[in-house]
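Q: I am new to this structure. Please take a close look at a single part and walk me through what surrounds it.

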Amino acid sequence: MVGTGPGSGKRDKGFYVTTPIYYVNDVPHIGHAYTTVAADVLARYRRLSGQDVLFVTGTDEHGKKIQRSAEERGIAPQALADEVVTKFKDAWKLLAIKNDVFIRTTEERHARVVSEVWAKMQARGDIYPGPYEGWYCTPDESYWTEKELVDGKCPSCGREVERIKEESYFFRLSKYQAPLLRHIEANEGFILPLSRRNEVLSFVKGGLNDLSITRMGFDWGIKVPGDPKLVIYVWLDALLNYLTAAGYLSDNGSFDAFWPPDVQFVGKDILKFHAVYWPAILMSAGLDLPKQIFAHGWWTIEGTKMSKSLGNVVSPSSLVSAYGTDATRYFLMREVPFGLDGNFSDAAMLKRINSDLANDLGNLLSRATGMVSRFAGSGLLPASGTSDQFDLVLQQKASALYDAYTTAMEGREFHSALTALWEFIGEANRYVDRTKPWQNAKAGDTERLNTRLYNTIEATRIAAVYLLPFMPDTASKILTALSQDTRGMTLGQLSKWGLAVPFVGIAPSQPLFEKRTEPRGQTDKENSNGLSASQAEQPAPQLVSIDEFKRTELKVGTILSAMRVEGSHKLIKLEVDIGEKRTIVAGIGRSYTPEELPGKRIIVVANLQPAHLFGILSQGMLLAAGDADHLGLLSLDRDVPNGTRIK
Ligand code: MSP
């Protein structure tokens with residue numbers, strides 16, 4: 001991560017990208033996943049381009065809202081944070097997020113940074129005491145004036161606000177109105193998209209009031225230096241995470257190598273905090289401003305606003321368990337132009353999987369590898385012979401892709417980068433359709449055949465290289481199938497035509513993506529990895545090979561204990577013995593009571609990816625058949641020891 005140290009000033013500055021830090025009163029959802037995947041894609045792209053990258057995400061753990069949630073659950077705020085932070089970390093693992101630092105605002109190193117910045121702002125004469133009287137929205141942790149309220153409610157989220165009147169310290173935000181305006185006007189790319197920049201410009205032009213930066217009457221936060229009855233406003237605390245995470249005040253060289261941030265991704269709802277308060281705070285503390293704040297849009301779910309009360313919250317783990325990591329990442333980046341609002345639907349997801357992934361991408365790989373094994377005799381990739389018009393056009397499209405892709409990535413137009421890549425994949429498929437290498441094989445025209453085989457593989461390799469930031473696992477699978485090692489090389493080198501090493505073995509590959517017609521089942525939505533009844537009744541959509549079947553480890557087990565999962569009608573938490581002890585959360589609660597389960601012999605999928613369901617780590621799945629109210633558990637008709645593998 002830290003490739004450049006202090007004093008090594010010759011190298012370029014590293015690339016620093018951040019996500020917002022997420023409140024720990026809520027579990028991860030598609031909105032959090034969106035920003036985090038986008039930042040991960042950009043970080044991977046920059047690493048692939050040869051740059052040192054610092055990619056930071058984390059959790060926002062202080063404030064009234066977290067304290068209140070913890071009180072409602074009857075636990076300490078730190079305990080709530082400790083519980084929920086693992087859900088974020090688990091979700092990011094499921095989505096293959098490779099962040100360099102995970103920051104929590106309750107860490108000691110962060111408290112030091114907050115006090116230090118406070119002292120700097122104070123030394124500049126930017127902090128003064130005074131009474132605050134006005135409105136406060138706790139869900140948004142945001143102050144509002146009487147005039148700003150809409151029908152007496154929070155103008156941002158529409159929820160109830162509270163009247164507060166308390167002793168406070170203020171930040172002289174008004175002093176930074178003119179310098180901030182100058183900065184935004186002089187730097188076109190500072191706030192993006194441009195429509196958002198215009199919103200911020202008119203907000204700043206409208207005048208900036210000084211900002212209350214403390215709260216009193218509760219203690220879940222960082223205390224004001226020298227006045228410990230007051231707590232520092234959670235947004236000031238939270239924004240400073242970007243300094244702490246970069247290594248501010250630490251002596252590991254990271255801060256010098258990476259500050260200021262190159263891109264800070266935020267949702268449109270928190271733009272004011274990042275594009276107005278944050279730069280003003282940095283100016284006051286005498287620190288460089290981020291180069292870019294990029295605000296993305298919001299997802300609706302099947303056309304409706306996502307909300308806990310509507311019960312339509314889409315969790316990253318439900319997407320990954322139903323559709324897989326890479327398909328989820330692809331969908332989020334491809335479906336909606338980054339910056340605009342978008343809509344999630346299972347139907348749209350299925351369409352992307354079936355047409356873009358299974359058809360376009362999957363077909364290209366299986367044709368490329370299939371043709372080599374069928375026509376190249378040795379099964380080795382032949383070297384290319386002379387090129388004709390078809391070959392030259394394909395090569396030319398491959399080199400044009402570099403500009404289209406990198407320009408889109410630099411402009412944070414992830415959907416355009418993928419569109420350009422898919423145009424190329426389409427081109428490569430058409431190359432095969434038009435050149436019909438099987439006819440060369442039949443006619444014994446080996447030189448032409450070899451050129452076609454090489455070029456089809458080469459186009460597939462290049463597509464995989466561009467796919468690396470978006471779908472890291474799929475891209476690696478493709479490169480492995482083509483026996484091409486990309487380690488240590490940059491995008492500039494890897495995207496050059498002709499890099500594929502010939503005379504390597506190419507085996508016919510397994511399909512990358514199965515076509516599917518079934519959307520996420522109810523079980524996925526409940527976040528369960530138990531068997532969904534509708535899936536159990538469906539005929540297999542495609543044939544599986546014996547090897548594919550064998551990858552699933554089915555084992556004999558015995559249920560040791562069972563209890564209902566609080567808050568769910570359907571889920572039961574089981575302790576089972578499958579030669580080792582496992583916890584399994586199963587969706588069988590409408591067919592079985594916990595009392596009748598202990599002692600039952602069952603069949604368990606032992607190598608299923610673990611998932612958190614209602615906060616419990618489920619490490620497997622039971623086999624059952626029937627609908628949710630009439631499930632029958634699969635069992636054996638003879639006694640076989642626990643842990644025996646089914647074959
Ligand atoms: N803790 C603050 C951020 C502090 S950053 C110094 C916060 N946290 S949050 O957990 O409420 O939300 C974080 C992000 O999720 C925001 O960027 C917000 O825009 C995003 N989203 C919440 N719902 C969303 C959608 N439905 N769609 C897309 N993003 C959404 O705010």
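A: Start with helix α12, which spans residues 325-334 and holds Arg329. The model is a predicted one. Is Arg329 buried or exposed? Its relative accessible area is 0%. Buried means under 20%, so Arg329 counts as buried.

Now follow the side chain of Arg329. It reaches the backbone oxygen of Leu95, at 2.8 Å. Which residues does Arg329 touch, once neighbours within four places in sequence are set aside? Val37, Asp40, Val41 and Arg44 are among them. Leu95, Ala96 and Ile97 also belong to the list. So do Pro469, Phe470 and Pro472.

Next, the ligand. Helix α1 covers residues 30-48 and supplies at least two residues of the shell around the ligand. Strand β1 (15-23), α7 (234-239), α8 (241-246) and β12 (263-267) each do likewise. Strand β1 gives the most, with four residues. In total, 23 residues surround the ligand. The closest are Ile21, Asp60, Gly267, Asp269 and Trp299. By class, the shell has 13 nonpolar residues, eight polar and two charged.

Some polar atoms can be picked out here. A polar backbone atom of Ile21 is 2.8 Å from a nitrogen atom of the ligand. His32 places a polar side-chain atom 3.3 Å from a ligand oxygen. Trp298 also has a polar side-chain atom by a ligand oxygen, at 3.1 Å. On its own, the ligand has 680 Å² of accessible area, and the protein covers 93% of that.

Turn to the strands. Strand β2 takes in residues 53-60 and pairs with β3 in the parallel sense, over four bridges. Thr57 has Phe102 of β3 as its bridge partner. Strand β3 runs over residues 101-104, and both of its faces are covered. Val101 and Ile103 lie on one side, Phe102 and Arg104 on the other. All four are buried.

Last, a separate topic: an open sheet. It has three strands in the order β9-β11-β10, with antiparallel pairing.

Key. Residues numbered from 1 in each chain as written. Predicted model: local features only at pLDDT ≥ 70, side-chain atom pairs only at ≥ 80, totals over all residues. Heavy atoms only, no water. Near = heavy atom within 4 Å. Polar contact = N/O pair within 3.5 Å; in protein donor to acceptor, adjacent residues only side chain to side chain. Areas by Shrake-Rupley, 256 points an atom, 1.4 Å probe, with all protein chains shown as cover. Nonpolar A, V, L, I, M, F, W, Y, C, P; charged D, E, K, R; others polar. Buried < 20%, exposed > 50% of the residue type's maximum accessible area, 1.4 Å probe, protein only. Contact = heavy atoms within 4.5 Å. Pairing = 2+ DSSP bridges.
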